[in-house]
Amino acid sequence: MPVVVMHGSGGASAGGHVSAKGTGPNSHLCVSLFTTLINPLFGLLAVVFACWSRGSAEMDWDGARLRGRIALWLSIAGVVTTVVVALVVVLICFTKTKDT
């Protein structure tokens with residue numbers, strides 16, 4: 001049975017937030033940890049924002065959502081950057097001609 005938790009001041013119609021799980025907004029911590037494995041720079045930044053999101057969910061719901069989205073976009077940027085760099089390296093290695 002899901003637990004309904006009211007966040008903010010007032011009911012859902014008065015600007016409060018309802019969470020079916022009672023855990024707060026999505027912090028994207030799992031994605032951030034995965035990104036840390038393939039791109040430590042972006043991954044560590046994403047983990048920091050994901051943890052910050054989890055820590056501030058009870059006090060600042062909108063801020064926690066924003067930090068969770070920042071963690072997600074940092075993770076996406078880290079994965080995309082890694083893929084692009086890997087493709088460039090592979091293309092450079094396979095398109096080099098020997099001038100001997």
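In helix 1, residues L29, S32, L33, T35, T36 and I38 meet P40, F42, G43, L44, A46, V47, A50, C51 and R54 of helix 2. Contact here means heavy atoms within 4.5 Å, and helices are DSSP runs (H or I, at least four residues) numbered from the N terminus. By class, the residues of this contact divide into 10 nonpolar, four polar and one charged. Ala, Val, Leu, Ile, Met, Phe, Trp, Tyr, Cys and Pro count as nonpolar, Asp, Glu, Lys and Arg as charged, and the others, Gly among them, as polar.

The model is predicted: local features need pLDDT of at least 70 and side-chain atom pairs count only at pLDDT 80 or more, while totals for chains, interfaces and linings use all residues. Residues are numbered from 1 along each chain as its sequence is written, and side-chain values use heavy atoms, with hydrogens and water left out.

Two packed helices are described by the angle between their axes and the distance between the axes. Axes are lines fitted to C-alpha atoms, for helices over the stretch in contact, and angles run from 0 to 180 degrees between N-to-C directions.

| Helix pair | Angle | Axis separation |
|---|---|---|
| Helix 1 and helix 2 | about 160 degrees | 7 Å |
| Helix 2 and helix 3 | about 165 degrees | 8 Å |

Helix 2 is therefore roughly antiparallel to helix 3, a term for angles over 145 degrees. Helix 2 (residues 40-55) and helix 3 (residues 61-95) also pass each other in a left-handed crossing, one in which the near helix is turned anticlockwise from the far one by less than a right angle. Helix 2 contributes F42, L45, A46, F49, A50, W52 and S53 to the contact, and helix 3 contributes A64, R67, G68, I70, A71, L74, S75, A77, G78 and T81. This contact has 11 nonpolar, five polar and one charged residues. Helix 1 likewise passes helix 2 in a left-handed crossing.

L29 is buried, with a relative accessible area of 17%, where buried means under 20% (1.4 Å probe, protein chains only). Not counting residues up to four places away in sequence, L29 touches V47, A50, C51 and R54. The C-alpha atoms of L29 and V48 are separated by 9.1 Å, although the two residues are 19 apart along the chain.

Helix 3 has 35 residues and reaches 51 Å from its first C-alpha to its last, close to the 51 Å expected at 1.5 Å a residue. The expected span is 1.5 Å times one less than the number of residues. Among the buried residues of helix 3 are W61, G63, A64 and R67.

Technical notes:
Buried < 20%, exposed > 50% of the residue type's maximum accessible area, 1.4 Å probe, protein only. Helix = DSSP H or I, 4+ residues; strand = E, 2+ residues; numbered from the N terminus. Parallel < 35°, antiparallel > 145°, perpendicular 65-115°, else oblique.
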